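Here is a walk through one protein model. Keep the sequence and the structure in view as you read.

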Amino acid sequence: MKRLDHLSSVFWLAISIIVCTESIRAGFGTLKDPGPGFLPFISGVTLSLFAIVLLTTSILRKREEDKISNPLKGVNWSKILLCLAILFAYSIFLPWVGYLITTFVLMLLLFILIKRSKLLIEIMIALVTVLASYIVFYKWLNTQLPRGIFGF
């Protein structure tokens with residue numbers, strides 16, 4: 001596992017260097033007036049920090065035997081397939097039904113799928129999540145959201 005950590009951290013470090021270089025070339029801008037390369041640069045720096053942390057910990061860690069295990073062992077495929085079906089249905093119904101209702105149903109179904117708790121709590125969390133995202137994207141950022149057949 002140590003060797004795989006070395007390889008993957010070096011790979012992601014190289015990718016982050018490429019991203020940072022190209023984002024500087026695109027124009028970094030300033031903090032008050034960010035250019036098109038600002039966000040990719042921040043992402044590249046963050047990625048490089050994670051890669052350096054992984055490389056450092058894999059070098060400093062005591063030698064362990066590489067144990068190759070099946071990473072798919074114990075995966076609940078029915079939940080994964082159901083989650084993909086829910087997301088696919090969300091993408092189909094979003095333009096027709098609208099953002100608020102479709103996203104509320106999506107969040108509720110995902111909360112029920114991930115962790116089963118009291119239904120009222122899941123409804124409240126889904127409602128708060130949808131309203132918070134609506135306020136952020138529609139009110140603060142003036143993003144167009146699908147209104148759907150109900151007009152909201």
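Which residues do ring pairs link into a cluster? Phe28, Phe38 and Phe41 are the ones joined in this way. A pair here means rings of Phe, Tyr or Trp (its six-membered ring) with centres within 6.5 Å; planes under 30 degrees apart count as stacked, over 60 as edge-to-face, and the rest as tilted.

Before going further, note that this is a predicted model: local features need pLDDT of at least 70, side-chain atom pairs count only at pLDDT 80 or more, and totals for chains, interfaces and linings use all residues. Residues are numbered from 1 along each chain as its sequence is written, and side-chain values use heavy atoms, leaving out hydrogens and water.

The structure holds five aromatic pairs. One of them joins Phe28 and Phe38, with 5.2 Å centre to centre and 55 degrees between the planes, a tilted pair. Phe28 sits in the loop between helix 1 (2–26) and helix 2 (38–60), while Phe38 belongs to helix 2, so their pairing ties together parts ten residues apart in sequence. Helices are DSSP runs (H or I, at least four residues), numbered from the N terminus. Phe28 is partly exposed, at 31% relative accessibility. On this scale, buried means under 20% relative accessible area, exposed means over 50%, and partly exposed lies in between (1.4 Å probe, protein chains only).

Tyr134 and Tyr138 make another pair. Their ring centres are 5.0 Å apart and their planes meet at 20 degrees, so this pair is stacked. Both residues lie in helix 5 (residues 119–140), four residues apart, about one turn of the helix. Tyr134 is partly exposed at 22%.

The term needs a side-chain nitrogen of Lys or Arg within 4 Å of a carboxyl oxygen of Asp or Glu. Glu22 and Arg25 form it, with their closest N and O atoms 3.5 Å apart. They are three residues apart in helix 1, so about one helical turn separates them. Glu22 is partly exposed at 39%, whereas Arg25 is exposed at 64%.

Notes. Helices (H or I, at least four residues) and strands (E, at least two) are DSSP runs, numbered from the N terminus.
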